[in-house]
Amino acid sequence: MKVKGNFPSTRLRRVRSSNWVRRLVTEHSLSANDLILPIFLTEGKNKREKIKNMPDIFRYSIDNLNQILDQASKYRIPMIALFPNTPNSKKDKFGSEALNDKNIVCKALKKIKKNYKNFGLMCDVALDPYTDHGHDGLLIDGIIDNDKTLEILINQAVLQAEMGCDVIAPSDMMDGRIGRIRKELDKNNFKDTKILSYAVKYASNFYGPFRNAIGSNKFLKGDKKTYQMNFHNSEEAIREVAFDVKEGADFVMVKPGLPYLDIISLIKNNFKIPVFSYQVSGEYSLIKNAIKNKIIDKSAIFETLISLKRAGSSAIVTYFALQICKELKNQLK
Ligand code: PBG
């Protein structure tokens with residue numbers, strides 16, 4: 001692109017000189033419509049448990065969910081994402097609890113679907129909340145078996161759809177799962193159930209607090225590098241997305257968020273489909289704790305979310321969703 005204009009006839013500071021003109025030339029903005037709120041579930045009654053290293057984020061028992069859902073509804077957040085903390089006694093080698101139609105995710109889906117109409121419901125498809133080794137797939141002779149895992153994931157996806165899940169979000173990184181899940185959903189007459197593929201999910205160091213929130217951290221044997229992406233790579237992300245789009249994904253996710261802005265923009269520029277990003281637990285924790293300790297100002301939250309939008313995200317999964325909605329509302333006053 002040829003740059004027009006010369007100093008001093010052109011002065012870029014002119015359009016920054018006051019608030020009203022800055023607002024006029026703003027290229028990107030943020031509203032509740034851009035946000036997806038993750039919610040952690042726990043079994044039992046009347047529970048609202050703190051989560052280590054994630055200040056202001058809680059695990060809710062189903063009877064207490066209205067505390068957070070009423071807010072999501074009030075701020076018109078378009079979608080919430082449910083993540084279960086499964087009791088250790090229900091975890092096994094095969095992640096069997098994933099297919100129990102009375103597991104906590106299924107119970108929550110049913111109840112929420114009945115009582116709340118103005119947001120969509122999204123659920124992860126993966127086995128890590130349910131396995132006693134903490135992996136997203138089946139661990140057979142020390143290896144995560146791709147194809148055997150698929151046989152479970154397709155059933156997990158259909159079960160969630162039956163319970164009222166609107167957006168099936170495979171976060172397991174097995175090859176071929178989007179096509180198999182799409183086919184199985186269609187076969188069971190869930191033609192309109194959407195698939196958000198965590199197509200580009202890196203083997204990241206930023207997932208620590210989440211693993212603590214769902215209780216898989218103590219169990220995880222080894223790492224997830226044989227299925228999640230190598231963070232040295234970006235071209236590989238294009239291949240991941242190309243496959244998933246071909247297999248029927250409606251939207252794709254890039255995860256984590258801020259360290260991967262280049263990847264979000266790469267995917268957005270190569271595929272004209274909705275790209276979502278996930279500002280993950282470690283990112284939340286760093287920012288939140290820095291604000292709490294007065295190291296940075298809370299406007300840094302906006303800055304990160306706008307950066308994710310500027311890079312090309314249609315929507316962002318963020319633990320800041322409610323806090324930001326409250327602040328957006330105050331700004332309008
Ligand atoms: C599990 C899953 C993870 C996250 C979302 N789904 C963690 C992992 O892969 O170990 C991370 C989210 C976060 O850190 O906030 N399949």
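Which element gives the largest share of the lining of the largest pocket? That share, five residues, comes from α11. This is a predicted model, in which local features need pLDDT of at least 70, side-chain atom pairs count only at pLDDT 80 or more, and totals for chains, interfaces and linings use all residues. Residues are numbered from 1 along each chain as its sequence is written, and side-chain values use heavy atoms, with hydrogens and water left out. Helices (H or I, at least four residues) and strands (E, at least two) are DSSP runs, numbered from the N terminus.

**Ligand**

- The side chain of Asp124 has an N or O atom 2.8 Å from a nitrogen atom of the ligand, where a polar contact is a pair of N or O atoms within 3.5 Å.
- Asp136 has a polar side-chain atom 2.9 Å from a nitrogen atom of the ligand, and Ser171 also has a polar side-chain atom 2.9 Å from a ligand nitrogen atom.
- On its own the ligand has 400 Å² of accessible area, and the protein covers 100% of that area (Shrake-Rupley method, 1.4 Å probe).

**Cavity**

- The structure holds one cavity of 30 Å³ or more; on a 1 Å grid over the protein atoms alone, a cavity is a set of points where a 1.4 Å probe fits but cannot get out.
- The largest cavity has a volume of about 210 Å³, a volume being the space filled by probe spheres set on the grid points, which are joined across faces, edges and corners.
- The ligand sits in the largest cavity, in the sense that more than half of its atoms lie within 2 Å of the grid points.
- Lining residues have an atom within 4 Å of a point; the largest cavity has 25 of them, with Phe83, Asp124, Asp128, Ser171 and Phe210 nearest its centre.
- β4 (79–85), α4 (146–163) and α6 (208–213) each supply at least two residues of this lining, and β4 gives the most, with three residues.

**Pockets**

- A pocket is an open set of grid points with protein on both sides within 12 Å along at least five of seven lines.
- The largest pocket has a volume of about 530 Å³, and of its 19 lining residues Leu30, Ser31, Phe302, Leu328 and Gln331 lie nearest the centre.
- Two or more residues of the lining of the largest pocket come from each of α10 (299–311) and α11 (321–332).
- The second largest pocket holds about 310 Å³ of space, and the closest to its centre of the 19 lining residues are Asp56, Ile57, Tyr60, Ile68 and Leu322.
- β1 gives the largest share of the lining of the second largest pocket, four residues.

**Backbone**

- Most residues other than glycine have a negative phi, and most peptide bonds are trans.
- The peptide bond from Phe7 to Pro8 is cis, with omega near 10 degrees, and Pro8 lies in the segment before α1 (19–24).
- A cis peptide bond also runs from Lys255 to Pro256, with omega near -10 degrees; Pro256 lies in the loop between β10 (251–255) and α8 (261–270).
- Arg76, in the loop between α2 and β4, has a positive phi, near 60 degrees.

How values were computed. A polar contact is a pair of N or O atoms within 3.5 Å; within protein, one must be able to donate a hydrogen and the other to accept it, and residues adjacent in sequence count only if both atoms are side-chain atoms.
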